[in-house]
Amino acid sequence: MKHFEDFKVGETDEFGHYKVTREEVIDFASRYDPQPFHLNDEAAAQTYFGKISASGWHTCGMTMRMMVDRGKENPVAGEGSPGVDQVRWKIPVYPGDTLRVRSEVIAARPLKSRPTHGVVTTRHETVNQNGDVVMTFEGAVLIRRRAPSQD
């Protein structure tokens, strides 16, 4: 189990393998982001996207799935997130793409108000099979310490 003390600024990780399917793109869009370029070939052909593309919110969800799966492989004493910042959808995600995640720890600070925990902030890039960055964001996670801080 990885605790707050185990995270070092600058450490990187690359993980995941998520194959994007047409059925999933359309199902997600139908339920949560029913814009024509996520649902209809003809409508999508008339847009910047050129063909059906995944919702950015769907890309967030696929990325989260890979992150949770990574946590099952390498458990972390995480207890949720106070939020994410700077979500950017760089290029479209299309059915047939295969996604993975690259992460870098950019900050780690103990919490004075809760000496049993710290906050680790990570910059994430979701990339496709060509290595093209499709999405970026920064996320903070509340992580237990092995022992309470004596600060």
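The largest pocket of this predicted model holds about 910 Å³ of space, where a pocket, on a 1 Å grid over the protein atoms alone, is an open set of points where a 1.4 Å probe fits, with protein on both sides within 12 Å along at least five of seven lines. A volume here is the space filled by probe spheres set on the points, which are joined across faces, edges and corners. Because the model is predicted, local features need pLDDT of at least 70, while totals for linings use all residues. Residues are numbered from 1 along each chain as its sequence is written.

**Largest pocket**
- The lining (residues with an atom within 4 Å of a point) consists of 35 residues, and Phe-15, Met-67, Val-76, His-124 and Val-141 lie nearest the centre.
- Two or more lining residues come from each of strand 1 (12-19), helix 4 (56-73), strand 2 (83-89), strand 3 (98-110), strand 4 (117-127) and strand 5 (133-144), these being DSSP runs numbered from the N terminus (helices H or I, at least four residues; strands E, at least two).
- Helix 4 gives the most to this lining, with 8 residues.
- By class, the lining has 17 nonpolar, 12 polar and 6 charged residues, with Ala, Val, Leu, Ile, Met, Phe, Trp, Tyr, Cys and Pro counted as nonpolar, Asp, Glu, Lys and Arg as charged, and the others, Gly among them, as polar.

**Second largest pocket**
- About 240 Å³ of space lies in the second largest pocket, whose lining of 18 residues has Phe-49, Ala-54, Gly-56, Trp-89 and Pro-92 nearest its centre.
- Helix 2 (36-39) and helix 4 are the elements that give two or more residues to this lining, and helix 4 has the largest share, 3 residues.
- The classes here are 10 nonpolar, 6 polar and 2 charged residues.

Note on methods: This is a predicted model: local features need pLDDT of at least 70, side-chain atom pairs count only at pLDDT 80 or more; totals for chains, interfaces and linings use all residues. Side-chain values use heavy atoms; hydrogens and water are left out.
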